[in-house]
Amino acid sequence: MKTYKLAVIPGDGTGPEVVAEGLKVLRAAAKKFGFEVETTEFPWGGEHYLATGEILPADAAEQLKKFDAVFLGAIGNPKVKPGILEKGILLKLRFELDQYINLRPVKLYPGVETPLANKSIEDIDYVVVRENTGGIYTGIGGNSQQGTKDEVAIQSMVYNYAQVERCCRFAFEEARKRHTKENPWRGLSDEDKKAGYIAQVTLCGKTNVLTYVFGLWERVFYEVAKDYPDVKTAYCHVDATCMWMVKNPEWFDVIVTCNIFGDIITDLGAMTQGGMGIAAGGNINPNGVSMFEPIGGSAPKYTGMNVINPLAAVGAAGMMLDFLGEREAAKAIENSVMFVTGQKLKSMAAGKMGYSTTEVGDLVVENL
Ligand code: IPM
Ligand code: MN
């Protein structure tokens, strides 16, 4: 029987509670679909830092490379100055494991309330491919004359051709994974389909102002697109992307964008799909170790109360299985989550679900 070795970082706040439910569902899926999961826990996070002074051991990435995937709860502790844990754990692992893609589906599930008027589950179903290790997050820059009124600060958006190319290629591959000739993207017109298109990738950039960096992105995007004649291309400036994500989300299938734009637009996307209780993502290295997480954060005020919504973590566990090649099990988890949101939960918000955190995990297991 196939055994997957998973590294688990429950992390801070409600992280451990939602991770427990994710693992509960994972184990049930393993039993049902005939594989095994073997988990190893790592204590990293705010509490560990406060207790030991260690943010991450120097060989953390090396340790994690021995696993098939990493399952992360949440990093962030109100007692630790902002930036230390985010940069020292989350960003460090993304960089050192070369997880150059952040894959964030924006999908409205049945029964989930969206703040977008007159939009339904048919309209909100796309995925953002966020470049995850470059751009502004590269961290190149500095200050001079700090503390004076002459202070200057600079932080550069840095990309090279290869970084942009691998990201765009991933997006086109993702488009083909989502759609086939038999099951084309529903946003295509009859002419599009006659022309042989099955899916669409939209580049989200800022070619009107950031002419150097998005000049590169645009050139590389259309160069890569030549290898995918069955995928339609589109372009939107990032500000317009925000507008259409609210007004016409049905225009999107796959969006590919740089690190910082992806960070920002996926919070907007998460809100349109029902909030942080439901939004999941994967930090992906297609040739290495990937890390899956609910994108919501550590929600300190709900810690230990058994009220937080675990579905984002369950969704992240599902994405992890999909990535590991257990596509049937992943689909079953998503179907069960959709049944639970559609038929059971009163709300996606912490404390308002009509069930506790552990009960929601049980519901997903029962309906697998
Ligand atoms: C995210 C988060 C992180 C980011 C922070 C916590 C460093 O906002 O995963 O979207 O900016 O990437
Ligand atoms: Mn973010």
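Mentor: A polar side-chain atom of D263 lies 2.9 Å from an oxygen atom of ligand 1. The model is predicted, with local features needing pLDDT of at least 70 and side-chain atom pairs counting only at pLDDT 80 or more, while totals for chains, interfaces and linings use all residues. Residues are numbered from 1 along each chain as its sequence is written, and side-chain values use heavy atoms, with hydrogens and water left out.

Trainee: What makes the pair formed by D263 and ligand 1 a polar contact?

Mentor: A polar contact is a pair of N or O atoms within 3.5 Å, and the polar atom of D263 lies 2.9 Å from the ligand oxygen, so the pair meets the definition. The distance to an oxygen atom of ligand 1 is 2.7 Å for a polar side-chain atom of R94 and 2.6 Å for one of Y137.

Trainee: Why is ligand 1 said to lie between domain 1 and domain 2?

Mentor: Domain 1 (1–112 + 274–368) and domain 2 (115–272) both give residues to the shell around ligand 1, so the ligand lies between them; the bounds come from an automatic or database domain assignment.

Trainee: Which residues surround ligand 1?

Mentor: The surrounding residues, each with a heavy atom within 4 Å of the ligand, are E86, L90, L91, R94, R104, R130, Y137 and D263.

Methods: Chains are lettered from A and ligands numbered from 1 in the order in which they are written. A polar contact is a pair of N or O atoms within 3.5 Å; within protein, one must be able to donate a hydrogen and the other to accept it, and residues adjacent in sequence count only if both atoms are side-chain atoms.
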